[in-house]
Amino acid sequence: YLIYKGSREAKPVLESAEKFSYESETEQEEYTGMLNTLKAYYHVYTRELERALEYAQQALELLPKHSYYWRMNVAIYSGDARLFSGNPKGAYSYYLEAHQNSSQMSSKFFTLTTAFKVATSLYYMGNLEEAEQYTRKALQIARDNNLARNTRTGLLWALLGGLLKEKGSLEEAERCIERALFLSEPEKPSLAWNSLFKVALHFSQRDYTLAMQEIGKIEAIDKEQNLPHFITSAAQTWKARLLLEMGDISRAGEALGRTGVVKDHPVRGGLERGYLILCRLLQVKEGYEKGSSENIISQVESLASSGENTKILLETALLKAELEEEAGNKEKAETELIQALKQGKAGGYFQLFVDEGKNLLPLLKRIAGREKIDGPGTGGDDFTSYITAIIRSLSPGEESALENEREKSINREQVDQKILTRETASEQKTPAEKGSSFELVEDLSARELEILELISQGYSNEAISKKLFLSLGTVKWHTTNIYGKLGVRSRTRAVALARDLKIIA
């Protein structure tokens, strides 16, 4: 409990626990296994990941097979230590083991926890479809077992929001993340973790001011109760990227330094994204040398490949393409970008290319303007339409210019046929335009529906209070619940969404 609450008192309590012992050797082994499990958790929290792995391994050797609760937890911490050191592939098998142990217990709460862990590792590995299936199944379990308003359910909603964002469904992602923040409010570490998804969403929306404000909220929580390193480090990494986009090079470098990302230091697993941002930072500094970035990128790529960290690999490929294009190596740049696009399309990625592709727009247009793109998985209108959708999101109105480029290499009859096909093809749409799979956290209660109906009629909270003979505080409480369940932040959006869903007339 002290570890989770971020208390610095956890370490002396753990040290005190070392003094206890049992006469029975079997009981002593089990007790030591439990203690080592807690030590593993503590060291994950403080980012001493090698020590966490050592204690976790010792715990697994000592805990009896039937100790499902403790073996579940030690498997989770074993996975966490690997995930936060940049090895989601290694984490996955431990999370699966934890999930199997949770199924041996009667509490569905633990199933939600372990399903979230499995889905998170799949998310990092780029198995977006499978991760979404796991997440949605867990959310259904939460609804079926009266856990829809649990803070762990909030973690699942944030993850679903992150997955939908990757597909380019920003509005739907925002609703999921808003629900997540509503549910996780009582549990500050969970709230801070979910806030990272909100930061990422604001980045994709190109609203850097709101993203910085969200990071400020995470920093405030950290001051209050000392958040784990894997949250604070991620927040500072995002801060560096945002400051870089806003042109504040000096402060961006300071934020990176707080994560441990420093030029000429070997790249450490778990900090790969920070080092890619460092490369971008070096690009805009005087005296930039391409070789220094190439060395960093090579290390990042090696770590990401061994851990199957797909998103980092894609970001690395995009940065490589950008550097090659900047250096005038057009053929190399095109090869890097085509490979990244091919992998991204196969995995269901879309928004990543929009977020990271603003400097690659001429290169994207050049590739899309080709008569033929060589290589397996790149043929036909499907691949070209995918690139076109990215270009449209990056720079609305570019399609006519793109068609002019294609006309140079394809005869007029072929162009007319392709334009006609694309006017009706669903592939031409971004994932965000293909419809919604909206779900509520839980159904609105009769009272909430009554209040929502009055909100839609223009009643203020005070007027609703008088009409329904409720205290103003009760009305505000119901209104907050309505917003949380719908995943919105205002009366206007609540009413608009409720009407779209035919919840109210």
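pLDDT is the predictor's confidence in each residue, from 0 to 100. Keep that scale in mind, since this is a predicted model.

**Stop 1: the whole chain**

Colour the chain by pLDDT. The mean is 85, and 87% of the residues reach 70 or more. Now select residues 399-403. Here pLDDT stays under 50. The model has 11 contacts beyond four places in sequence for residues 399-403. Move on to residues 405-437. pLDDT stays under 50 there too, and the model shows 51 contacts beyond four places in sequence for this stretch. Where pLDDT is low, the predicted coordinates should not be read in detail. Look at these two stretches, then leave them.

Switch to a cartoon view. How many helices and strands are in the chain? There are 26 helices and 0 strands. The chain has 505 residues, and 54% of them count as buried. Next, consider contacts between residues at least 6 apart in sequence. Of these, 66% join residues at least 24 apart.

**Stop 2**

In soluble globular proteins, nonpolar side chains tend to be buried together. Select Leu337, Leu341, Phe353, Ile387 and Ile390. These residues have the most contacts inside the largest nonpolar core, which holds 127 residues. Which helix gives this core its largest share? Helix H10, residues 188-204, supplies 9 residues.

Zoom in on Leu337. Ignore its neighbours within four places in sequence. Leu337 then touches Leu318, Ala321, Leu360, Leu363, Leu364 and Ile367.

Another core lies apart from the largest one. It has 18 residues, including Ile455, Leu470, Val475 and Ala498.

**Stop 3: the largest cavity**

Rolling a probe the size of a water molecule over the atoms shows where empty space is left. The structure holds 3 cavities of 30 Å³ or more. To find it, select Tyr124, Ala234, Trp238, Arg273 and Ile312. Among the 38 residues lining this cavity, those five are the closest to its centre.

- helix H6 (108-125) and helix H8 (151-167)
- H10 and helix H12 (229-245)
- helix H14 (272-283) and helix H16 (310-326)
- helix H18 (351-356)

What classes of residue make up the lining of the largest cavity? It divides into 18 nonpolar, 11 polar and 9 charged residues.

**Stop 4: the second largest cavity**

The second largest cavity has a volume of about 50 Å³. Select its lining: Arg241, Arg273, Leu276, Ile277, Arg280, Glu315, Leu319 and Glu356. H14 and H16 each give two or more residues to this lining. H14 gives the most, with 4 residues. By class, the lining of the second largest cavity has 3 nonpolar, no polar and 5 charged residues.

Pick one of the lining residues, Arg241. It sits in helix H12. Is Arg241 buried or exposed? Arg241 has 4% relative accessibility, so it counts as buried; the cut-off is under 20%. Now display its contacts, leaving aside neighbours within four places in sequence. Arg241 meets Phe203, Arg273, Ile277, Arg280, Asp355 and Glu356.

**Stop 5**

Go to the loop between helix H11 (208-225) and H12, where Asn226 is found. Most residues other than glycine have a negative phi, and most peptide bonds are trans. Asn226 is not a glycine, yet its phi is positive, at about 60 degrees. Its relative accessible area is 24%, so Asn226 is partly exposed.

Pro228 lies in the loop between H11 and H12. At 1% relative accessibility, Pro228 counts as buried. How far apart are Pro228 and Tyr45 in sequence and in space? They are 183 residues apart in sequence, but 4.6 Å apart in space, C-alpha to C-alpha.

**Stop 6**

Finish at Phe469. This residue lies in the loop between helix H24 (461-468) and helix H25 (472-486). Phe469 has a positive phi of about 55 degrees, and it is not a glycine. Is Phe469 buried or exposed? Its relative accessibility is 75%, so Phe469 counts as exposed; the cut-off for exposed is over 50%.

Conventions. Residues numbered from 1 in each chain as written. Predicted model: local features only at pLDDT ≥ 70, side-chain atom pairs only at ≥ 80, totals over all residues. Heavy atoms only, no water. Core = buried A, V, L, I, M, F, W, Y, C linked by side-chain atoms within 4.5 Å. Buried < 20%, exposed > 50% of the residue type's maximum accessible area, 1.4 Å probe, protein only. Contact = heavy atoms within 4.5 Å. 1 Å grid on protein atoms, 1.4 Å probe; cavity = no way out; pocket = protein on both sides within 12 Å on 5 of 7 lines; lining within 4 Å. Points joined across faces, edges and corners; volume = space filled by probe spheres on them. Nonpolar A, V, L, I, M, F, W, Y, C, P; charged D, E, K, R; others polar.
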